[in-house]
2 protein chains.
Amino acid sequence: MRQTEWKLAPLDEARERFLREVRFSPSVESVPVLQAHDRVTAKPVVARRSVPEWPLAAMDGVAVRAEMTVQAAPDNPVRLSLGREAVWIDTGDPLPDFADTIIPVEQIGVVDEKQVEVFNPVPSWKHIRTVGEDVCAGETILPPCHRIRPIDLGVMLAAGVEKVSVWQPPRVAVIPTGNELVMPGQAPERGQIVESNGTVISGYLREWGAIPDYRGIVPDEPDHLIQAVQSSVKKCDMVVLNAGSSAGSEDYTVSVIRKLGRVVQHGVATRPGKPVILGIVEGKPVVGLPGYPVSSYLGLQWFVRPLIEKWFGIPIGGANEIRVRLGADVVVKTGAEDFVRVALGEVRGEMVAYPLAKGAGVASSLSRADGWLRVPTDHHGWKAGERVTVELIRPRGSWENRLLVAGEPDVGLDVLAGQIASQIPGSTLLPLPMGQEEGWRLLREGRCHLVLLAGDISVTGEAETKDASCVRIHGWSRVRGWMMRSDPGHQSIAEWLRRGAQLLIHPCGTRSRQWLEAQLADWGIIPEDMRGCNRVAANDRQIAAAIAAGSADIGIGCPAVAREFGLLFVPAWEEDVQFVVPKDWLRSSMGRLLMEALQSCSFRMCLEMLGGYRCGKSGEKIGSL
Amino acid sequence: MRQTEWKLAPLDEARERFLREVRFSPSVESVPVLQAHDRVTAKPVVARRSVPEWPLAAMDGVAVRAEMTVQAAPDNPVRLSLGREAVWIDTGDPLPDFADTIIPVEQIGVVDEKQVEVFNPVPSWKHIRTVGEDVCAGETILPPCHRIRPIDLGVMLAAGVEKVSVWQPPRVAVIPTGNELVMPGQAPERGQIVESNGTVISGYLREWGAIPDYRGIVPDEPDHLIQAVQSSVKKCDMVVLNAGSSAGSEDYTVSVIRKLGRVVQHGVATRPGKPVILGIVEGKPVVGLPGYPVSSYLGLQWFVRPLIEKWFGIPIGGANEIRVRLGADVVVKTGAEDFVRVALGEVRGEMVAYPLAKGAGVASSLSRADGWLRVPTDHHGWKAGERVTVELIRPRGSWENRLLVAGEPDVGLDVLAGQIASQIPGSTLLPLPMGQEEGWRLLREGRCHLVLLAGDISVTGEAETKDASCVRIHGWSRVRGWMMRSDPGHQSIAEWLRRGAQLLIHPCGTRSRQWLEAQLADWGIIPEDMRGCNRVAANDRQIAAAIAAGSADIGIGCPAVAREFGLLFVPAWEEDVQFVVPKDWLRSSMGRLLMEALQSCSFRMCLEMLGGYRCGKSGEKIGSL
C-alpha cells in the first residue's frame, strides 16, 4: 500500500555520506574590491603595496636628524633652524628625506619663526611608522576561502589591491511541489495552503551567499516533477525540492530522483525532519525537504547549508551554544534524535529554557524560538531544573528584557506585551499558560518572573500567606462566558451539551477550567459523558478559532476574542486578575517596566477598548501575601 | 600651539551620555512580506488567518467518525464503507465534514475497493491538526522592533499577512576628510594615502541595516567641512566624519561641529580610539571618527552601531565571548581602557590567544584578528598562561584548523599556508615569529603546535634530547644573505657598516640575528656603535620594504624577498630548516595535514620556484630528539 519502507540513517552519518559523494568545481571570477563585500576569496590575496609605503610621522612634532641632538641638555638646548635642520610635521605626514626621527611637540621649545630648541638628545627612528609596518608588499593579506568583511575591504584598498578573485556563488533551484499549494498573495481555499517554505529556503540561501532560483509551484505529478528537476539540474548547481505535506508527493520525489539519478539516503532518524531525501542527479546534489515548515527548516540547515559551506570551503557562522536550566520537563520518545524548540528567559541572573510546541507543522514556534535542544537518540529527556545545552538561533541578548509570566492565560497579556515593547524597544513577554498552582511553584523555584492569578484569589493567596517576599498587584477585571458559533435555539446550554454539543476546554488548573468543571457538576453533567471531553486548547483564541471553523461548538472565553472570530458571546461571570511578584524583583528594571506599563494610560485604554475589561486599579499594590 | 586640551571620558559613560541626548523619530513604511527580509518591524505583526484554517490530517490513514468504532475488537472488526463512513486521507488533507478522527494506515485492514476494517475503538480528534494549532487569527506573530528573518517570512505568509510595517532605515552620511587622501583606484603619491575607511564604514552600516551615503573626500578646510556637514545633516539622519590621520583635520572637525551645533564629548579614555568626537547638529548625531583604521573601526562599533540600534530599537547581534588562555604576555599602560587584538588557536583541546600588533594604524592586524581583549583602565595586563575573556569578531570555528607555528620566521611558511588551505579549505597558519629557545618553551607548555628551527640545529636539539615525545621533520634548506638597495661600491659590507650604513635586524634569538651578531663580532663591529642598531623588524619582508623605501640600507634576508622588492642580494650562507613536532599531535588530523602538505609536489614546486629554497627532503622524519 501507501506505506513507505525506509532504512533511516542517523543524521550525522547521512550528512557525511552525502557530502562525501558530492563534488563541486566552482568557477572563479575577478571582481573589483568595492563590490567584493560578503564574497568568498578563491585564492590568497597578496598586497601590491606596502602600508605605509614611506616612513610616516606617528606623532605631531618636528622631524630632525637624531645626531643633531647629541649635545642637547636642559641647561644647554640645541637650536635647530626650521626648514633645513628641523621641519614641523603632523601625525601621518611622510618623513622628510633628511630626517631620521621625530621629536614630539611637547618636548620642543619655539624660539621664533625660524628656530626651535631641543633639550635632550633623542634616539633615531623614534615616533615613526616604518615602511611595511601594517602590510608588506607581497605579503598574503587574506587567505583563500575567506568571506570578505568590510574591514578586509579596507585592508585590500590600502594595500593597493583593486580586484580580487572570488568563487562564483552557487545557483540553487528551489522547487515547491504539491497540488495543495497556492502562491503567496492568493487566498487559500479549504484544503489549500500558501506556499511559504520556498520563500524561507530562498531567504536562507541568499543569507549564505548562494543565488536562489525560485522555480514556482510544481504539481504532484511525476512528469511535471521530472521536467522541473531536469531543467533545474541543467541551469543550477544544486536543487532543493520541497514536498507538499502529503506522503504522496514525497514518494514521487524519491522515484523521480531514482529515475534521473540516484538516491543516496531517504529518511534520517530525527524528530522532526525524518522524511529527507538526499540524491544526486547528473553530478549535482538534489535535496528533497519535508513539507512541514519546521522539518523543512531543519533539513535545510542539516543538508543544504553544509553543501553551500562545501562549495565555498568555509563554515557559515559557527555553532553558538549556551548552558541553561530547564523551566519545564522535556519528555521525548527514544528511537530518533529529537530537536526541541526552546524559548529563553533570564530569572534571578540565570538562564531558563522553556520547550515550545513540538509539532513539525508549527512554524510559529520556530519563529518564536531562541534555540534548539538536541535530545540524543537513546535519551528520554530531562526534568525541569536540570541543566542542558541549547544551540542558539538568535543573537545573544534577544531575551534580556523578556518577562516570563506563568499562570492563567489571558488576552490582556498580549496588550501588556505591546505596551512594554513600546516603552523599551526589544522587551518581550513570554506567557507560560498553566494552572495557577503550577505557576506558583515556578515562581517559588525561580523559573518565572511573575504569576497571573484569576478568580477567587484570596483562597489561593491564603494558602501561600507565609510567603511574605511576594506582593500582589492588581492586573484588571475581566468578563468571562460562553463562546459559540450560533444560538443553541430553544434549548439551554446545559441541554445542548447533554445532547452532544462539542466542548473545547482550557488546560487543567486554569480558572476557566475550574469554573467550567464546577458548572458542569452543578448541571449534573459528567465530563466523560461528552464528546470532545479530551479536547484541550491552550487559550481563548485557539478555542474560538476551532469553533469558528466548525470543529467545535462551544467553549469558555472572553467577549473580545469571540467578537474577533464572529462568535456569539454569553457572559457568565466577572473576576479580578492579579499578578504575584517577588518584592525584590519589583525593584529591578524589569519590575519597574511592568509597573509603569500597568499604570500607563495607553495600556488601560487599549485593554478596555477590547471590551469586557476594566483597568481602574491596574498596577495598584494589594499587599503582601 | 597645536596641542589640544581634552577632558577624556570613560568609554561607557561617553556612550551613555551621547545616546541619551540623541532623539530619533524614524518613519514607518509598509512593505510586501516578500521584500521584508532583514527589515525591522515597527509594530506588532498580527495573524490574519489561523494556521491551519481547517482541521487537517496529521497522519496518512482514513478519516472516520469515532462513534462508529465503539464496537470494534480484534476478533470482531467493524467494517466501514468507503466514501460514506470512511475516506482515505493523506497527511495535510482537510478533514471531511462528517469525520472527527483519523485512523492511521497501519491500523486499517483493506477488505476491498469499497470497504475497510477497524480492529479497535478509537477516540475522537486523534491525529488531527486542530484549527489555529500553529497560529490563531488575531494573534501577535512578531513583536515590534524585530529584525525579520527568512523563517518569519514563512510564518507571515502562512498567516495571511501580505504587508508589514517596518522602520525606514536611517540614511547615514559618510564623509572622509583629509588633504592626504586619494580615492580608491588612484595610485597614492608620497605622503598620500588611499581612502579606505569610508568603504569600511559604509560596509558595516549596510550590514547593520542603514543606508550609507558616501559623500566623497572633503579637504581639510573649515569652509569645505562646514558645507559638507550642513548638506549632510539636511539629507541624512546621522553623519559620520572620518578625519585624516593628522591632528589638524581633527581640530577642524571639532570646531566645525561646535560652530554648527554642539560637541557632547571630545575624546574617550581608550587605547586605541581616543580622539573620537560626539556631537549633535540640528538634532542629528554627528560622529567624528579618528583617521587610523583601527581607531576608526572601534569608534564605529562603540558609537555608530548603538545609534543604529537605537534607531531600530534592537541590538545588532549580541556580544559573543570566549574564555581562553593567553599564549603570550599582554602588557599595557594604565590610564585608559586598552583594546588588544588577538588571534586564536586550539592546542591540545584548549583555546590559546595571541596578541597581535598594537598600533592603531595596523588595519591588517584587525583583519587578521579573531577577537578583542579588553583591558580595564587600571589594569596592567596579564602573563602568558593566564585565563582571559575574549570578545569574538569572527564566527566560532574560524580557528579550528589553524596551525600555530612558533620560532624562526621564514617566507616558506607563507607557501606552506597556501598549501594547507588548498588541501583543506579554511585551514590557516599563524606564524609566531620569535627566538628558537622561546619557541621551544611554547611547545613544551602547549601554547603552539610546532616550532620552526633553522641553522645549527643539532646543538639546540641536543639540549633537548630528553624530550622523546617530539620528533624532528625536515622542512627545507634556504639560502640567506645580505639585502641592499645598491652595491656598496668599492668598499666591503663591513666597511660600509662601519661608515654608518643603516642596518635593520631580526628579533632576538632568531637565527638571522645570531648569525649577524657573530659576523659583526668577527668584523670587530660592536652593534651599539652603529646607527639604527635599535631598529628591529619582524621578518625579511619588513626589512626589504624599509630598504626599498630608503629608510634603511642593509639587512639579512632571502633571495626571493630581495627580488620581490628589487634589491640586490649577496648570499652569505645556506642552512636547513626543521620542524619540531609532538609525536602524538602528528597523528591528529592537523598533523597529517602538515605532513601531506610538506610532502606534496605542489608545495615543493612553489617553494623552489621562489628561488633559494631546496625541498628534496621536505617532510622526511629525522628522528626523535
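Contact is taken here to mean heavy atoms within 4.5 Å. The structure described is a predicted model.

Chain A is divided into five assigned segments of sequence, of which two are each built from separate stretches: domain 1 covers 11–24 + 169–312 and domain 2 covers 28–52 + 133–167. Domain 3 spans 56–129, domain 4 spans 333–392 and domain 5 spans 403–624. The centres of domain 2 of chain A and domain 3 of chain A, taken over C-alpha atoms, are separated by 37 Å.

Chain B is superposed on chain A by a rotation of 180° with 0.0 Å of shift along the rotation axis, at an RMSD of 0.1 Å. This is therefore the relation of a two-fold axis. The same surface serves both copies, since 100% of the contact residues of chain B recur in chain A. Among the residues of chain B, B:Asn320 comes closest to the rotation axis, with its C-alpha at 4.2 Å.

One helix pair spans the two chains. The crossing of helix 3 of chain A with helix 2 of chain B is right-handed. On the side of chain A, the residues in contact are A:Thr199, A:Val200, A:Gly203, A:Tyr204 and A:Glu207. Their partners in helix 2 of chain B are B:Pro150, B:Ile151, B:Leu153, B:Gly154 and B:Leu157. The residues of this contact comprise 6 nonpolar, 3 polar and 1 charged.

A second pair lies within chain A. Helix 8 (residues 412–423) of chain A packs against helix 17 (residues 601–609) of chain A at an angle of about 150°, and the two axes are 10 Å apart. Helix 8 of chain A and helix 17 of chain A are therefore roughly antiparallel to each other, and helix 8 passes helix 17 in a right-handed crossing. Helix 8 of chain A contributes A:Gly412, A:Val415, A:Leu416 and A:Gln419 to the contact, where they meet A:Ser602, A:Phe603, A:Cys606 and A:Leu607 of helix 17 of chain A. By class, 5 residues of this contact are nonpolar and 3 are polar, with no charged residues.

Terms used: Residues numbered from 1 in each chain as written. Chains lettered and ligands numbered in written order. Predicted model: local features only at pLDDT ≥ 70, side-chain atom pairs only at ≥ 80, totals over all residues. Heavy atoms only, no water. Left-handed = near helix turned anticlockwise from the far one by under 90°. Helix = DSSP H or I, 4+ residues; strand = E, 2+ residues; numbered from the N terminus. Nonpolar A, V, L, I, M, F, W, Y, C, P; charged D, E, K, R; others polar. Domains from an automatic or database assignment. Least-squares fit on C-alpha atoms with pLDDT ≥ 70 in both. Axes fitted to C-alpha atoms, helices over the stretch in contact; angles between N-to-C directions. Parallel < 35°, antiparallel > 145°, perpendicular 65-115°, else oblique.
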